[in-house]
Amino acid sequence: MRQNLPEYNHIPFVHYLHCRRCRTRVATIQDYFPALQILGSVPAGFFTTVFSVEVAEDERYHRGIDDMTLAETYCVQCRNLVGWKIIAISQPSRSHIVGGFIMRLNEIICWNNVLLLDLLFGGNNEQAPNDQDGGADEEQDNDQNGGANVLVPNE
Ligand SMILES: [Zn+2]
């Protein structure tokens, strides 16, 4: 009698993330820690785990950034540099642990063919002048030229 396991009824649907170049599955969105970070000038994000990647063992492909040592991590299929593995860190945190990965958000494409960077941050790649969250310019229905405000009552 193992009927009382209601948890099993909603195992979350797995959303796969793919290498932008060859579409190999390299991660799932469930393993993403929701925080944007900039490595150099590269938008990146932390993943607790990824797969189908190859981590550079040669120290020439390791680099120190902030308090971390990172090893270049490639798509195993096409050798695209998709991110870095954290191989040492002086101050681990919830979003940074040894063995985790910092992935390039603009080299990963989502299940729906949207760049992960765009999915997460709305595609404001370089310049986002007015950055208030909440979609300001979504409704531009009444945009025909001329004569919008004709609601002035005659006196
Ligand atoms: Zn690839």
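Student: Where does arginine 79 lie?
Tutor: This is a predicted model, numbered from 1 along each chain as its sequence is written, with hydrogens and water left out and heavy atoms used for side-chain values. Local features need pLDDT of at least 70 and side-chain atom pairs 80 or more, while totals for chains, interfaces and linings use all residues. Strands are DSSP runs (E, at least two residues), numbered from the N terminus. Arginine 79 sits in the loop between S7 and strand S8 (81–89).

Student: What is phi of aspartate 66?
Tutor: Most residues other than glycine have a negative phi. Aspartate 66, in the loop between strand S6 (62–65) and strand S7 (68–75), is exposed at 74% relative accessible area. Its phi is positive, near 50°.

Student: Which side chain of opposite charge is nearest to aspartate 31?
Tutor: Lys and Arg count as positive, Asp and Glu as negative; His and the chain ends are left out. Aspartate 31 is buried but has no salt bridge, meaning a side-chain nitrogen of Lys or Arg within 4 Å of a carboxyl oxygen of Asp or Glu.

Student: Which residues does aspartate 31 touch?
Tutor: Aspartate 31 is in the loop between strand S2 (25–28) and strand S3 (32–39). Contact means heavy atoms within 4.5 Å. Leaving out residues up to four places away in sequence, aspartate 31 touches Phe46, Phe47, Thr48 and Thr49.

Student: Which residue is the bridge partner of histidine 18 in S2?
Tutor: Two strands pair if DSSP finds at least two bridges between them. Strand S1 (residues 16–19) and S2 are antiparallel, with three bridges. Across from histidine 18, the partner in S2 is arginine 25.

Student: Which strands stand at the edges of the open sheet?
Tutor: The open sheet has three strands in the order S2-S1-S10, paired antiparallel. Two of them have a single partner strand each, so one side of each is left without a neighbour in the sheet: S2 and strand S10 (108–110).

Student: Over which residues does pLDDT stay under 50?
Tutor: pLDDT is the predictor's confidence in each residue, from 0 to 100. The protein's mean is 81, and 71% of its residues reach 70 or more. Where pLDDT is low, the predicted coordinates should not be read in detail. The stretch under 50, with three contacts beyond four places in sequence, is residues 125–152.

Methods
Helix = DSSP H or I, 4+ residues; strand = E, 2+ residues; numbered from the N terminus. Buried < 20%, exposed > 50% of the residue type's maximum accessible area, 1.4 Å probe, protein only.
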